Amino acid sequence: MSSLAMDGGTLKVGSKRFTESYILGEIVKQSAAPHVRAEHRQGLGNTAIVLAALQAGSIDVYAEYMGTIAGEILKHDKAIDLAQMRRELAALGLGVAVPLGFNNTYALAMRGDETGIASLAQLAQHPALKFGLSHEFIGRVDGWPGLAARYGLPQRPRGLDHGIAYEALAQRQVDVIDIYSTDAKIRQYGLRVLADTQQYFPRYDAMLLYRLDVPQRFPAAWLALQGLQGRISESDMIAMNAAVEIDGKTFSGVAHQWLASGTSAKKPAAARSKLLDKLIGDDLWTLTRQHLTLVLLSVALACLIGIPLGVLAALSAPLRQTVLAFVGVLQTVPSLALLAILIPLLGMIGTVPALVALFVYALLPIVRNTCTGILQVPQGLRMAALALGLSKRDRLLHVDLPLALPVMLAGIKTAAVMSVGTATIAAFIGAGGYGERITIGLALNDNDMLLAGAIPAAVLALLTQGLFELVERWAVAGRQH
């Protein structure tokens with residue numbers, strides 16, 4: 001019996017939304033693939049989201065860093081040894097193993113032409129410096145709060161996506177950014193890495209964080225993953241990051257080359273594909289199907305729930321403000337925060353939590369317009385309907401709803417168009433759609449890839465609006481006849 005048959009199910013590999021994590025996810029997936037069905041759920045957002053996915057069983061393993069495990073996951077304010085880390089992770093049903101061989105620590109960097117500042121301690125003497133730090137770094141236990149306290153830094157950082165931070169620094173929009181020590185762009189942009197003289201940052205040795213049942217469920221694959229131990233040097237990782245970010249190679253291609261050659265020796269850079277190539281890439285139909293599925297199902301569900309709620313709000317004055325206030329409050333919940341909450345609640349990532357989130361955001365325009373449309377029906381017509389002997393139910397079905405239909409359709413159109421745009425967040429939890437290209441574009445600061453995701457989403461939004469306008473015209477014409 002083959003080792004593939006002995007292992008059960010699919011090994012689900014996760015990754016966060018930055019270049020190195022994408023590459024490591026591909027290395028893990030491709031290492032396991034000869035022995036088990038494996039898939040890479042890439043770009044799942046920050047540590048909180050990918051950890052929630054791991055604990056929920058939506059992924060089985062991903063590459064994480066010891067400093068992040070100690071500070072972000074186990075909430076220690078200082079480094080702990082591996083034995084303690086394993087004991088505390090075991091209580092969460094998790095394990096850590098297979099040190100990959102390199103340390104990717106946090107650091108702060110400035111432009112190389114800036115003079116007079118060589119260490120983190122000297123930043124305190126320059127309060128006017130503009131800090132652009134990644135959102136996760138600003139909120140991490142081992143990130144900005146502790147760093148500012150340790151070095152007495154008075155600056156107030158602004159949140160900046162890691163993928164665009166280097167360009168913002170080069171354009172002098174910010175003066176200081178947070179970096180990973182294996183970032184290929186440090187050398188490309190000629191940056192000065194500031195010395196951590198007080199050794200605030202712990203080591204961030206890359207390891208595999210996994211569910212404890214993985215070695216038993218996938219024995220052959222786990223044996224293959226153990227073969228990665230100590231094989232990826234810091235120079236290897238920098239070269240692989242550069243192959244993607246500078247040379248324009250794919251994550252899977254770079255991982256395959258490294259696994260095949262066992263070295264990071266660079267080949268001549270391939271020409272970065274043009275916008276048109278990325279726009280009509282092989283994944284276009286798959287992403288379109290995923291995006292359409294999310295939009296159609298979420299709007300349909302919002303109609304199924306929202307129209308009755310709108311009718312209730314219109315016909316019951318005491319409940320009206322409560323219903324409208326409730327759906328209005330739901331609209332204010334930040335999308336990524338809602339997704340992060342839904343993952344542990346639903347015990348999964350992917351399509352289901354994305355649909356729930358999109359449903360929540362589609363409710364308000366449907367409920368509000370249904371309520372408004374019914375309230376705009378002339379009172380005289382209602383009285384006439386009752387005088388003709390129609391019950392309240394028949395009046396609703398044959399008078400109120402038909403007359404309110406144009407206003408209701410306008411609400412559904414608004415919800416659908418909004419959902420086309422909002423559905424791009426689905427990629428942060430592995431639900432696919434055009435957002436997958438956008439997240440990769442953000443990670444690589446690749447404007448062409450960003451546009452390759454944004455343009456189809458915009459076209460789909462325009463098509464959706466046009467379709468609903470035709471339906472609205474038909475509804476109006478039907479009323480006139």
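**Rings, pockets and strands**

Mentor: Let's start with Tyr 22, which counts as buried because its relative accessibility is 0% and the cut-off for buried is under 20%. Keep in mind that this is a predicted model.

Trainee: Why is the pair of Tyr 22 and Phe 251 called stacked?

Mentor: Two numbers settle it. The ring centres of Tyr 22 and Phe 251 are 4.4 Å apart, with 10° between the planes. Rings pair if their centres lie within 6.5 Å, and planes under 30 degrees apart count as stacked, so Tyr 22 and Phe 251 pass on both points.

Trainee: And what does that pair tie together?

Mentor: Tyr 22 belongs to helix α2 and Phe 251 to helix α13, so the contact joins parts that are 229 residues apart in sequence. By the same rule the count comes to 11 aromatic pairs. Ring pairs also link Phe 18, Tyr 106, Phe 137, Tyr 180, Tyr 200, Phe 201 and Tyr 204 into a cluster.

Trainee: How much space lies in the largest pocket, and which residues are closest to its centre?

Mentor: About 830 Å³. The lining has 32 residues, and Gln 42, Phe 251, Asp 283, Glu 436 and Ile 440 are the closest to the centre. So Phe 251 turns up again here, given that a lining residue needs an atom within 4 Å of a pocket point.

Trainee: Which elements supply that lining?

Mentor: α2, β2, α13, α14 and α21 each give at least two residues to the largest pocket. The largest share is from α21, with 4 residues. By class, the lining has 13 charged, 10 polar and 9 nonpolar residues.

Trainee: What about the second largest pocket?

Mentor: That one holds about 520 Å³. Its lining has 27 residues, with Arg 17, Gly 45, Asn 46, Ser 134 and Glu 136 closest to the centre. Helix α17 gives the most to this lining, 3 residues. Here the classes come to 11 nonpolar, 10 polar and 6 charged.

Trainee: Where does UniProt place the "transmembrane region" feature?

Mentor: The unreviewed UniProt entry puts it at residues 294-316, 336-364, 403-429 and 449-471. In the model, residues 336-364 are 86% helix and 0% strand, with end C-alpha atoms 18 Å apart. Residues 403-429 are 74% helix and 0% strand, and there the end C-alpha atoms lie 41 Å apart.

Methods:
Residues are numbered from 1 along each chain as its sequence is written. This is a predicted model: local features need pLDDT of at least 70, side-chain atom pairs count only at pLDDT 80 or more; totals for chains, interfaces and linings use all residues. Side-chain values use heavy atoms; hydrogens and water are left out. On a 1 Å grid over the protein atoms alone, a cavity is a set of points where a 1.4 Å probe fits but cannot get out, and a pocket is an open set with protein on both sides within 12 Å along at least five of seven lines; lining residues have an atom within 4 Å of a point. Grid points are joined across faces, edges and corners, and a volume is the space filled by probe spheres set on the points. Ala, Val, Leu, Ile, Met, Phe, Trp, Tyr, Cys and Pro count as nonpolar, Asp, Glu, Lys and Arg as charged, and the others, Gly among them, as polar. UniProt positions are given in the numbering used here, feature names are shortened, and annotations may be inferred rather than shown by experiment. Rings of Phe, Tyr and Trp (its six-membered ring) pair if their centres lie within 6.5 Å; planes under 30 degrees apart count as stacked, over 60 as edge-to-face and the rest as tilted. Buried means under 20% relative accessible area, exposed over 50%, partly exposed in between (1.4 Å probe, protein chains only).
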